[in-house]
Amino acid sequence: MRIVVAHIPTPQGEAALERALEEARAHAGELVVLNAARGEAPLESNRLYDDAAVELDNRLNDTGVRYTL
């Protein structure tokens, strides 16, 4: 089972990610994490850049859940 979650670095995005992780664990599924921003601005507050993306990758790696970021 593949579970797709849209994640942005907000409390709501974190809650969605945590819930998706729970589902992935419960169903031995693979998690697909998407990060998208609304606009075309060069820097978008909801988009994950370099360090934040690496941090999320490390965090997901520590969960033991198969994932694609």
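Analyst: What follows goes from the overall fold to the sheet, then to the helix and some single residues.

User: Before that, what kind of model is this, and how is it numbered?

Analyst: This is a predicted model, in which local features need pLDDT of at least 70 and side-chain atom pairs count only at pLDDT 80 or more, while totals for chains, interfaces and linings use all residues. Residues are numbered from 1 along each chain as its sequence is written, and side-chain values use heavy atoms, with hydrogens and water left out.

User: OK. How many helices and strands?

Analyst: The protein has two helices and three strands. Along the sequence the pattern is β-α-β-α-β. Helices (H or I, at least four residues) and strands (E, at least two) are DSSP runs, numbered from the N terminus.

User: What share of the residues is buried?

Analyst: 30% of the 69 residues count as buried. Buried means under 20% relative accessible area, exposed over 50%, and partly exposed in between, with a 1.4 Å probe and protein chains only.

User: And the surface?

Analyst: The accessible surface comes to about 4,700 Å², and 52% of that belongs to carbon and sulfur atoms. Accessible areas come from the Shrake-Rupley method with a 1.4 Å probe; for residues, only the protein chains shown count as cover.

User: What about contacts across the sequence?

Analyst: Among contacts with a separation of 6 or more, 61% are between residues 24 or more positions apart. Contact means heavy atoms within 4.5 Å.

User: Now the sheet. What is the strand order?

Analyst: The sheet is open, with three strands in the order β1-β2-β3 and parallel pairing. β1 and β3 (66–68) are at the edges with a single partner strand each, so one side of each has no neighbour in the sheet. Neighbouring strands are turned by 25° against each other on average, direction ignored. Two strands pair if DSSP finds at least two bridges between them.

User: How many bridges in each pair?

Analyst: β1 and β2 pair over five bridges, and three bridges join β2 to β3.

User: Is β2 buried or exposed?

Analyst: Four of the five residues of β2 are buried, so this strand is largely enclosed by the rest of the structure.

User: Switching to α1. How long is it?

Analyst: Helix α1 covers residues 11–26, which is 16 residues, and reaches 23 Å from its first C-alpha to its last. That is close to the expected 22 Å, the expected span being 1.5 Å times one less than the number of residues.

User: Which of its residues are buried?

Analyst: G13, L17, A20, L21 and A24 are buried. They cover an arc of only 105° around the axis, so they lie on the same side of α1; the arc is that of the directions from the helix axis to the C-beta atoms. P11, Q12 and A26 are exposed on the other side.

User: What covers the buried ones?

Analyst: The cover includes β1 (2–6), β2 (30–34) and α2 (50–61). α1 packs on the sheet, touching β1 and β2, and its direction makes about 175° with that of β1. Axes are lines fitted to C-alpha atoms, for helices over the stretch in contact, and angles run from 0 to 180 degrees between N-to-C directions.

User: What does R25 touch?

Analyst: R25, in helix α1, touches T63 and V65, not counting residues up to four places away in sequence. R25 is partly exposed, at 46% relative accessible area. Its C-alpha is 9.3 Å from that of R66, which is 41 residues away along the chain.

User: Last one: where is A28, and what is its phi?

Analyst: A28 lies in the loop between α1 and β2. Its phi is near 50°, a positive value in a residue other than glycine. A28 is exposed, with a relative accessible area of 61%.
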